[in-house]
Amino acid sequence: MRPTNDAPRASIIVPGGEILLAVEGGAVVGTCAVLPCGPKVVELVKLAVAPAAQRRGIGRRLTAAAVERARDHDLDALRGRDDFKALLRELEAKPVPER
C-alpha cells in the first residue's frame, strides 16, 4: 500500500514507518517518511518542503535524517523515487533495485 496524505497513521506509522518533520519557528516547513518495504529495506516517501522554505537545503537535511534512521536501525538499503535517487547516492545511501 502506498502512503496517502489523508491517512499517515494507517499507511506509514502502523506498518512500522516513521514520519520526519522539519520545523522552523514552530511551523512545519518540510516532511518525509520512511516506510519498510522488505527485509532490512525502507523506502523514502512523501518528501515535501513548503514553497517558501525551498532552496534552503531542508529537503536534503530531511533525506540525510532518513538515511541516518536507516543506518541506526541497521537496515541494508534505502529505496526512493527516481527524483530522490541522485540525492540518496550523494548521501551514500545504498540503493536497491525497484520491484
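Visitor: In what order do the elements of the protein run from the N terminus on?

Guide: This is a predicted model, in which local features need pLDDT of at least 70, side-chain atom pairs count only at pLDDT 80 or more, and totals for chains, interfaces and linings use all residues. Residues are numbered from 1 along each chain as its sequence is written, and side-chain values use heavy atoms, with hydrogens and water left out. Helices (H or I, at least four residues) and strands (E, at least two) are DSSP runs, numbered from the N terminus. The protein has three helices and four strands, and from the N terminus on the order is α-β-β-β-α-β-α.

Visitor: Which residue in the turn between β1 and β2 has a positive phi?

Guide: Strands pair if DSSP finds at least two bridges between them. β1 and β2 are joined by seven bridges in the antiparallel sense, with V23 opposite V28 in β2. Two residues separate the strands of this hairpin, and the turn residue with a positive phi, of about 55°, is G25.

Visitor: Which residue has a positive phi in the turn between β2 and β3?

Guide: β2 and β3 run antiparallel, joined by seven bridges, and T31 stands opposite A48 in β3. The hairpin has two residues between its strands, and the turn residue with a positive phi, of about 60°, is K40.

Visitor: What is the volume of the largest pocket?

Guide: A pocket is an open set of points on a 1 Å grid over the protein atoms alone, where a 1.4 Å probe fits, with protein on both sides within 12 Å along at least five of seven lines; lining residues have an atom within 4 Å of a point. Of the 13 lining residues, the closest to the centre are L47, V49, I58, G59 and R60, and β3, α2 and α3 (82-90) each give two or more residues to the lining. With volume taken as the space filled by probe spheres set on the points, the value is about 230 Å³.
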